[in-house]
Amino acid sequence: MSPILLILACGFVSVETQPPDSYIWIPDLVVSSSFQQLDRLGGDFVSLKLFSNGHIQWMPGDLFYLPCSVDVELYPFDSLKCSMDLVVWSHLVTEVDLEPRQSRAGVSSSNIRGQWSLTPALIISLKKHSDNKTMPTVKITLILERLPTNFVFNFILPVMILSLLGTFVFLIPADSGEKVSFAITIPLSYGVYMGFLTNMVPQSSEGVSTFIIFLGITLSLSALFVILSIFSVRISARSNSRPVPKAFQRITVWVEHVKNCGRQRRLHPNHISEDTEQSDECEAKEHIQVMTWNRVSSALDLFFFWVLCIPLLIAIPVLLVSIAVL
């Protein structure tokens, strides 16, 4: 005799019973998208509940290994998309049909923690064709979104700070002895970060992470900083008996002209009518000075700092805003 439970609620009686599994027909549901061997869904531990209105409740559960697709180009702002196909294996759609009661499934009971966040699963009804027959199918799509906060603070921000610090190598005097060593330290730091990222970024041949591309660009820029720093040190160490080419003289005079005249305009902002006279005076002073290789090296360092630092100062806030929007 099956146990019967009487529930009194709202003035009526609802009868619920748990008959043996052999008394009720159960559809042979399988998860066709699983990497495991195809087995019938459910087990002996799953009991059926028969209600007085004729409804039967069957809640099977199991562990599945499902295929998931990931778009590594957006890493670490990517998401995993996993699909589970429930199929009535031995019956046609004309015999048994599967219709989901709702289009989305709740995830409040999920215990996913760490770097992933599970969104409500999407449920749709399909008709799967196999071996000239049509089988009823319910497709459940699970989307896990990566939580990038830890990655942003541990990798993205330090890399942006390193890329900005690399440009300040041109503010170190060439005769200080620390210019080249500081320039070499930056690409070494990038190498450490790339070693960590090799094991963290999902391996896929379909695309490359945008952050990896950004890291490669900044690594190339840091290598350029090293080359320019060595070039600046070698120019500074040249003997003044060696004549300075005209091209270097023009660049040096122009950089010093922009630097000195800009400084005077900041000191005397109200004397706008005297700009032309001040410009001529600055230019005359620049030509009076003796053109030395140390002077050329300082002008080139300042020019490199302007050209490389200003674009980075603009690009880094744009990237930070993009990260905040994502």
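The model is a predicted one. A search of the whole structure finds four salt bridges, and three of them are described below. The structure also has a largest pocket with a volume of about 1700 Å³, and it holds one cavity of 30 Å³ or more.

**Salt bridges**

- Arg146 and Asp78 form a salt bridge in which the closest N and O atoms are 2.6 Å apart. This pair links distant parts of the chain, since Arg146 belongs to strand E11 (residues 133-146) while Asp78 sits in the loop between strand E6 (68-70) and strand E7 (79-88), 68 residues apart.
- Arg146 counts as buried because its relative accessibility is 11%, which falls under the 20% limit. Asp78 is buried as well, with a relative accessible area of 3%.
- Lys139 and Asp85 meet through their side chains in a salt bridge, at 3.5 Å from N to O. Here too the pair links distant parts of the chain, with Lys139 in strand E11 and Asp85 in strand E7, 54 residues apart.
- Asp85 counts as buried at 15% relative accessibility, whereas Lys139, with a relative accessible area of 21%, is partly exposed. The two residues fall into separate classes because the limit for buried is under 20% relative accessible area.
- Glu256 forms a salt bridge with Arg295, and the closest N and O atoms of this pair are 2.7 Å apart. The pair links distant parts of the chain, with Glu256 in helix H4 (residues 246-267) and Arg295 in helix H6 (residues 293-325), 39 residues apart.
- Glu256 counts as buried at 14% relative accessibility, and Arg295 is buried with a relative accessible area of 9%.

**Leu300 in helix H6**

- Leu300 lies in helix H6, and at 6% relative accessibility Leu300 counts as buried.
- When residues up to four places away in sequence are not counted, Leu300 touches Phe231, Ile235 and Ile251.
- Leu300 and Ser229 are 71 residues apart in sequence, yet their C-alpha atoms are 9.9 Å apart in space.

**The largest pocket**

- The largest pocket is lined by 40 residues, and those that lie nearest its centre are Leu29, Trp58, Pro60, Leu86 and Ile140.
- Strand E4 (48-51), strand E5 (56-58), strand E7, strand E10 (121-130) and strand E11 are the elements that give two or more residues to the lining of the largest pocket. Strand E11 gives the most to this lining, with four residues.
- By class, the lining of the largest pocket has 29 nonpolar, seven polar and four charged residues.

**The largest cavity**

- The largest cavity has a volume of about 30 Å³, and the residues that line it are Leu162, Ser163, Gly166, Ile186, Tyr190, Thr218, Leu221, Ser222, Phe225 and Leu312.
- Helix H1 (149-167), helix H2 (179-200) and helix H3 (210-236) each supply at least two residues of the lining of the largest cavity, and helix H3 gives the most, with four residues.
- By class, the lining of the largest cavity has six nonpolar and four polar residues, and no charged residues.

How values were computed. Residues numbered from 1 in each chain as written. Predicted model: local features only at pLDDT ≥ 70, side-chain atom pairs only at ≥ 80, totals over all residues. Heavy atoms only, no water. Buried < 20%, exposed > 50% of the residue type's maximum accessible area, 1.4 Å probe, protein only. Contact = heavy atoms within 4.5 Å. 1 Å grid on protein atoms, 1.4 Å probe; cavity = no way out; pocket = protein on both sides within 12 Å on 5 of 7 lines; lining within 4 Å. Points joined across faces, edges and corners; volume = space filled by probe spheres on them. Nonpolar A, V, L, I, M, F, W, Y, C, P; charged D, E, K, R; others polar.
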